[in-house]
Amino acid sequence: MFFNKVKSGILRSFAPISLLVSWIRFWLICSKLKPQAQLYIIDIDNTIADTWPTLLHPYIYPNEKVRHQSLAIFRGMRSWILQQAKQPNTLIIYLSARPPELMSTTLDWLKSCGLPTIQGGIILVPNAKSKIRFLKLANAYQISITFIDDLSYNHENGDIRLYDGVIEVVKLLPIKYIGLPQLNEIQQLRHDY
Ligand SMILES: [Mg+2]
């Protein structure tokens, strides 16, 4: 327990470095994409994963890794992502506001759900606002971008709020944005898998 806390503390103090590494990896991915590429940038919590109910009773989980490992997936969203991934020149990137120490847990969870992952294709940022800089970086390349993210919070308190400031900026970018409520429709789609 103590060792885990020390390890988390060390990882957290390296957070700016891990963000920089993610930035460089993402830049390398984008710079290699063909002009006809379709890039899907997808949030995880409350977009792919049914995360907020686990915040109702967080004390039942021994730690954050276990809580994140045990998240349920929206099967409609899983089917939808797998369908998009079948298209040629399509790349799936995950962009999530999670602490860097959850990187391996996040990768394991995505793999266990059968979702496609690539090297450097999981980007963990400190907050929703930090996602904008990654969207702008991708947007500097002549590729088609779809961004899927609920950009919402406070579900666990029965009063869903939106990151309005972030959504405003995202809507000004020349990318396709799928947020609430369109996202809820995909989550509830019937699935064939
Ligand atoms: Mg989310």
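Helix H5 (residues 103–112) is followed by Gly114, whose phi is positive, near 75 degrees. Helices here are DSSP runs of H or I with at least four residues, strands are DSSP runs of E with at least two, and both are numbered from the N terminus. The model is a predicted one, in which local features need pLDDT of at least 70 and side-chain atom pairs count only at pLDDT 80 or more, while totals for chains, interfaces and linings use all residues. Residue numbers start from 1 along each chain as its sequence is written.

The buried residues of H5 are Thr106, Trp109 and Leu110. A residue is termed buried if 20 or more other C-beta atoms lie within 10 Å of its own, exposed if 12 or fewer, and partly exposed in between, with C-beta atoms placed from the backbone. Ser104, Lys111 and Ser112 are exposed on the face of H5 turned away from its buried side.

Together with E4 and E5, H5 makes a right-handed β-α-β unit. Right-handed denotes a path from the first strand over the helix to the second that runs clockwise when the strands point away from the viewer. E4 and E5 run parallel and are joined by four bridges. Among the bridge partners in E5 are Ile122, paired with Tyr94, and Ile123, paired with Leu95. Strand E5 (residues 122–125) is covered on both faces: Ile122 and Leu124 are buried on one side, and Ile123 and Val125 on the other.

These two strands belong to an open sheet of five strands in the order E5-E4-E1-E6-E9, with parallel pairing; strands are taken to pair if DSSP finds at least two bridges between them. E5 and strand E9 (176–178) stand at the edges with a single partner strand each, so one side of each has no neighbour in the sheet. From one strand to the next the twist averages 20 degrees, based on axes fitted as lines to C-alpha atoms (for helices, over the stretch in contact) and angles from 0 to 180 degrees between N-to-C directions.

Two further helices show a buried face. In helix H4 (residues 75–85), the buried residues are Met77, Trp80 and Ile81. Seen down the axis of H4, these residues fall within an arc of 100 degrees, so they line one face of the helix. Their cover includes strand E1 (38–42), strand E4 (90–97) and helix H8 (182–187). In helix H6 (residues 131–139), Lys131, Phe134 and Ala138 are the buried residues. They lie within an arc of 65 degrees when viewed down the axis of H6, so they too line one face of the helix. This buried set packs against H2, E1, E4, E5 and strand E6 (144–148), whereas Arg133 and Lys136 are exposed on the other side of H6.

Several loop residues were also examined. Ala37 lies in the loop between helix H2 (15–31) and E1 and counts as partly exposed, with 18 C-beta neighbours inside 10 Å. Beyond its neighbours within four places in sequence, Ala37 is in contact with Asn89, Leu91 and Ile143. Asn46, in the loop between E1 and strand E2 (49–50), has a positive phi near 65 degrees although not a glycine. Asn46 is buried, with 23 other C-beta atoms within 10 Å. Leu151, also a residue other than glycine, has a positive phi near 45 degrees; its place is the loop between E6 and strand E7 (152–153). Leu151 counts as buried, with 24 C-beta neighbours inside 10 Å. In the loop between E9 and H8 lies Pro181, joined to Leu180 by a cis peptide bond with omega about 0 degrees.

Overall, the chain contains eight helices and nine strands. Its radius of gyration is 16 Å, close to the 16 Å that the globule rule gives for 193 residues, so the chain is as compact as a globular protein of that length. The radius is taken over C-alpha atoms, and the rule is 2.2 Å times the number of residues to the power 0.38. Buried residues account for 26% of the 193 residues.

Note on methods. Arc of directions from axis to C-beta. Contact = placed C-beta atoms within 7 Å.
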